[in-house]
Amino acid sequence: MRSGLIDLLDLPADRGRLHALAEIDAVDEVGLERGLNLLGLRPTKESWGAYLYWHALIVGVVLLAAGTIFFVAANWNALLPMARLGIVGGAMVLATLVGGFLGDSLAGRSASLLGGLLFGPVLAVYSQIYQTGADPWELFGMWTVVMVAYATVTRFSGSWVVALVLFHIFGFAWIDQELGADFFEGLGAQAVAGIAAVDAVVVILAERLHRKGQPRVVPRVGAYFGLMTVLPFGLALAIGELEVGGGL
């Protein structure tokens, strides 16, 4: 017990370690609250303002991307092919340039996120105009690669979240459209397990970067995606086994 306490005290303070000390009664409730306050882990007026600003900015980015798509879709027949492509592509280029101009700030990273989000609509509009015949999984695959590039350059957690979402859509679309497999059996189940393994790698990388004191540019959201893939997969297998065995 004493050795474990010494080890904890030698580590930099964070929320988890403070709670661990409280669990072994090395820190009382008052000390825990004081430590959390000193670390800035308790909400203040300033933190609430930053929280609301961040989320309002992200919602605005998503709405701008959706508005651009809806504008082109609603006026599809009234716009020339190059105008359709130019509106979406121009918005993407403009957002990327604004992001580069604003630099390493929340506004700059959000603008760059908008640029990455608009790459998918650019692909969709191009495919519709020229009838490329590309499957959705191919488009989402290219979109994922571009979003990863944006996230790497901007080091913005929001871009990484979008990249992970796109990766999962790409993966499941590829299983369904290219493999023609069921998600819960055979080759499809193996592919789903592979996606979950990628989620696990993301979490491990995030923890390693955090422990080295580097900015956490890869979010913990990978863990949630892992649960979203592994849990349904495991439940379906369990139900399937019960049905085969006559348990249901």
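The following legends describe close-up views of a predicted model.

Residues are numbered from 1 along each chain as its sequence is written, and side-chain values use heavy atoms, without hydrogens or water. Because the model is predicted, local features need pLDDT of at least 70 and side-chain atom pairs count only at pLDDT 80 or more, whereas totals for chains, interfaces and linings use all residues.

**View 1. The chain is built from ten helices and zero strands.** Helices (H or I, at least four residues) and strands (E, at least two) are DSSP runs, numbered from the N terminus. From that end, the order of elements reads α-α-α-α-α-α-α-α-α-α. The chain has 248 residues, of which 32% are buried; buried means under 20% relative accessible area, exposed over 50%, and partly exposed in between (1.4 Å probe, protein chains only). Among contacts with a separation of 6 or more, 54% join residues 24 or more positions apart, a contact being heavy atoms within 4.5 Å.

**View 2. Helix α6 (residues 106-130) carries the aromatic pair of Y126 and Y130.** The whole structure contains four aromatic pairs. The pair of Y126 and Y130 is tilted, with 4.8 Å centre to centre and 45 degrees between the planes. Rings of Phe, Tyr and Trp (its six-membered ring) pair if their centres lie within 6.5 Å; planes under 30 degrees apart count as stacked, over 60 as edge-to-face and the rest as tilted. Y126 and Y130 are about one helical turn apart because they lie four residues apart in α6. Y126 is partly exposed at 41% relative accessibility, and Y130 is partly exposed at 45%.

**View 3. Helix α6 packs against helix α7 (residues 136-154).** Their axes are 10 Å apart and form an angle of about 165 degrees; axes are lines fitted to C-alpha atoms, for helices over the stretch in contact, and angles run from 0 to 180 degrees between N-to-C directions. The two helices are therefore roughly antiparallel, since angles under 35 degrees count as roughly parallel, over 145 as roughly antiparallel, 65 to 115 as roughly perpendicular and the rest as oblique. Residues in the contact include L113, F119 and L123 of α6 and W143, M147 and Y150 of α7. By class, the contact has eleven nonpolar, six polar and one charged residues. Ala, Val, Leu, Ile, Met, Phe, Trp, Tyr, Cys and Pro count as nonpolar, Asp, Glu, Lys and Arg as charged, and the others, Gly among them, as polar.

**View 4. R155 lies in the loop between α7 and α8 (157-179).** Phi of R155 is near 55 degrees, a positive value in a residue other than glycine. R155 is partly exposed, at 39% relative accessibility.
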